[in-house]
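Welcome, and thanks for taking a look at this one. Please open the sequence and the coordinates side by side before reading on.

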Amino acid sequence: MSITQLSPVFTLLAVFAFAAPAHAAEPDELLNSKCSGCHARTDDGLQRIKDSRRTPEGWDMTLVRMAQIHGVKYAEGERAALIKHLSDTRGLAPSETAAWRYALERTPGVVESPEDATLAEMCARCHTYARHALQRRTQEDWLKLSHFHLGQYPTTEYQALGRDRNWWEIASTEVPELLADHYPLDTEAWNEWSAREHPDLSGTWRIAGHAEGEGPYHGTVEISAEGEDRYATVATLNFPEGRTVVSEGNAIVYTGYEWRGTADADGKTIRQVFAVGEDGNTLSGRWFDADNDIDGGTLTAVREGPAILAVIPEYIRAGETAEIAVHGVGLDGEVSLGAGVDIVETVSADGNIVVVRAMAAGDAGAGRRDVSVGDASASAALAVFQSVDSVRVEPANTIARVGGNDGPLAKVPAQFDAVAYANGADGDAGTDDDVRIGYFDATWSVEPATEIAAALDDVEYAGEMNTATGLFMPAAAGLNPERPYSTNNAGDLVVKATVDDNGSEVSGTARLVVTVQRWIDPPIR
Amino acid sequence: MRGPITLLAIAFAGGLMASAAAPAADYILTGQKPDQLVLIDAKARSVAAKHTIPDAAPGVLTVTPSPDGKVGYAIVNRWESVSGIDLDSGEQVFRADFSGGDKRVKAMFGMDVSPDGSELFVFLSPVSLKAGEYEVGDTYVAVYDTSAGVGAEPVRTFPAPRRTAILAVSNDGSKLYAIGWDVVVLDAQSGEQIGVHPIRNWGRQNFTEPDVLDVWPQWSQADVFSTPYFTIRTDKAEDDPAAYAMGMLTLDLQTDEFVMEEYENFEVIIFSTVVNPVRRNEVYGVYTQLSKIDIEKDELVERIDLPHTYYAVNVSSDGSELYAGGTMNDIAVFDTETLEQIGSIELDGGNMALSSIRVLQR
């Protein structure tokens, strides 16, 4: 299959699923034959390529650009082989990606925290800040990236945030300096990481996490090696309300720790973007529906105990008795749920799941408790609360996109979760010492966010909120003659979650902007 | 307050119109995706001719008629070429392709013709496509001899500031205005910078740098370039609506008079404006609303909602009607007195998108 047959070309993550055997030619030869026509060979590698490091997604975006703009053609398996080789030899160390993993994981509704204000203004208005923070280059190569931008997109300096400053002058002087300062090519972290041997990940792993919009889940995954850095997986997952999913898949590990997997679950194709912990015994990240990445969940996994992964449910109300399950590996010994929470009886215990009946004292103070089972412990793993004092909606700011209507792009919905909080010692809601209780069921509604949104009746036109699940489904794409100026079904909404706390209603809100389609959706937005 | 327009200017404007001799009718000239140059009989509300521009796809950007109304110049071919089409025969009588060798060169909106029709000015932004890397080059103006035909090469070039969006030649042909961050006045012959009317660098106390983006050549009816600007008053509280001011910038291509004055608190976005050639205090702006602004009194006179967004607007020679276009593929006609919609011209086919709406006399 040639690149031109992969249409639209940004089916990038699909490439990772491509568990084809390693390419026959030596990867270095492949790189030379494909790339040296334009990137001259030097003693230490090919020009441009030797001057930068990227994540697997970052390399793939560059490879796709080499095809789209510069006409490079890849035969079947070549693109995948190049991503693997480049990520392994010119990747980022775990500590270099840690702050920016949301971009790889496609976490919905992240408001970024840029490290540098100039770079944020100059470089994060068309795409995420993470896109460049997930690369490392020489100063000279960062400068060449600025040349590419203005050379390829000459209107950059005419747009808002481009015309209010001498964009090119800044992009060609100050920006490469700042970038080389923050994100240099040569780092101790990479020297150290690239010299390491990376462990085989085969084994039985216990997993747990939060399925967005649904609740906590847990399960087991059997990982078996299928050649170098390639694995097959069989997972059994237990979701709330007895929903059980068995899922088979496979994965490739890049750069010694970047797990990229694909699995079939419930008729959907699930993508996995996980990081292997530095000791090789944990996995963490996010999985999502390949066709709808807002439908996903977080994951942590461990394979060697004793270790606690999760406590489900993660909260207990003062004065109540409830069954609490501690999930992990090698759980053996006495269970402690922290101050004010007594263990009434052990219901079951099998090393992976210990279920106890627990009672929280009526005067137990609100707070998160450390949990332990024998030698395994987890800090702040269980919340004790008297009442729900406030509710925060996650994500607090997000976007949904109109779609469908015979257009090529599906609607992009938004999924919300309600998180209950108890007031901390200061007695006020919304302060730093609030105690996060955990996810609660809520009743969902939307309201206009502004006077204009009210006047344009955005609530009516922009889409539909599922009152029970917090899933907002945007309206159809295209101009709507029923609306003033025949505008499309965009909207500016406040999302409201109302939690029933033993008869009293507590609400929280989030902001939802319903906007037009995203026509180009690269792996790092 | 903007001063009353001088008697001299009015007399001169009148004189110009009189000297345009023949009893000509107004035609609208615009472009449609992917490669159409469209001539419209304005009062008849009908398409007079559609010409296909060779190698023009995917769209038509700036459109400039020759002063005699015989040729339409259009930036086409991903902004890498300008094509001159004979408006009667539809034949391509002029063509300049900017890119060549390892250079990719794009026209960034700005284009104008000298008053005698002999020279075409285009603002260009070049990049060298080298093996494995790009190199952005300095922006410049290329001047073409309009009689050079197909395959024209510039007769001269001179540097012009980055981010220039409008090129406008003064009525006497001596000055070339490059409008971007500031209005830089260049000698149209030598390219030497002979003056500047500051916009971003206006240095007014208690005001932020004004924001302007105008890529629409809509000055030729009144010989006054006008564009709205937005500025924030730093001496007002952030929640005071008066802190967010809209102003109108005018540059008289006859007299070189340059004025920037605020006329309302920010209410709506205005993409582009046109000055009425008869009631010269009246300026009209479009986007999702049509606004009428009095630039003598510095006030908003009237505002109506438009049926959809229009990027561009122009005005009839008698100052009686407005032609709102761009964006989609219809031109809405409005009465300049009442702002009532009095007509609509359906173009069928591709959208006008960013193409200009010009009015010429034939």
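The notes below go through chain B as a whole and then through selected strands, helices and residues of chain A. Please keep in mind that this is a predicted model.

**Chain B as a whole**

- Chain B contains one helix and 28 strands.
- Its radius of gyration is 20 Å, close to the 21 Å that the globule rule gives for 362 residues, so chain B is as compact as a globular protein of that length.
- If you are setting up a box, the C-alpha atoms of chain B fill one of roughly 55 × 50 × 40 Å along the principal axes.
- Buried residues make up 56% of the 362 in chain B.
- Looking at contacts in chain B between residues at least 6 apart in sequence, 48% link residues at least 24 apart.
- On the charge side, chain B carries 27 positive and 53 negative side chains. The centres of these two sets are 3 Å apart.

**Strand β5 of chain A and its partners**

- Strand β5(A) covers residues 203-211, and seven of its nine residues are buried, so this strand is largely enclosed by the rest of the structure.
- One partner is strand β6 of chain A (residues 215-225), which runs antiparallel to β5(A) and is joined to it by nine bridges.
- Within that pairing, H210(A) sits opposite P216(A) of β6(A).
- The hairpin made by β5(A) and β6(A) has three residues between the strands, and G213(A) there adopts a positive phi near 80°.
- Another partner is strand β12 of chain A (residues 292-302), paired with β5(A) in the antiparallel sense through four bridges.
- In this case A208(A) has T300(A) of β12(A) as its bridge partner.

**A four-stranded sheet in chain A**

- As background, the strands of a sheet pair through backbone hydrogen bonds, either parallel or antiparallel.
- Chain A has an open sheet of four strands with mixed pairing, in the order β14-β20-β19-β16.
- The edges are taken by β14 (315-317) and β16 (335-336) of chain A; each has a single partner strand, so one side of each is left without a neighbour in the sheet.
- For β16(A), two bridges give an antiparallel pairing with strand β19 of chain A (residues 367-373).
- Here V335(A) faces V373(A) of β19(A).

**Helices and buried residues in chain A**

- Helix α11 of chain A spans residues 174-182, and its buried residues are V175(A), P176(A), L178(A), L179(A) and A180(A).
- Helix α8 of chain A (residues 130-133) includes A130(A), which counts as buried at 0% relative accessibility.
- Beyond its neighbours within four places in sequence, A130(A) touches W100(A), Y102(A), A103(A) and E112(A).
- The C-alpha atoms of A130(A) and R101(A) are 8.4 Å apart, while the two residues are 29 residues apart along the chain.
- H127(A) belongs to the loop between α7 and α8 of chain A.
- With a relative accessible area of 16%, H127(A) is under the 20% cut-off, and therefore counts as buried.
- Setting aside neighbours within four places in sequence, H127(A) is in contact with H149(A) and R525(A).

Notes. Residues numbered from 1 in each chain as written. Chains lettered and ligands numbered in written order. Predicted model: local features only at pLDDT ≥ 70, side-chain atom pairs only at ≥ 80, totals over all residues. Heavy atoms only, no water. Pairing = 2+ DSSP bridges. Rg over C-alpha atoms; globule rule 2.2 N^0.38 Å. Buried < 20%, exposed > 50% of the residue type's maximum accessible area, 1.4 Å probe, protein only. Contact = heavy atoms within 4.5 Å. Lys, Arg positive; Asp, Glu negative; His and termini not counted. Charge placed at Lys NZ, Arg CZ, Asp CG, Glu CD.
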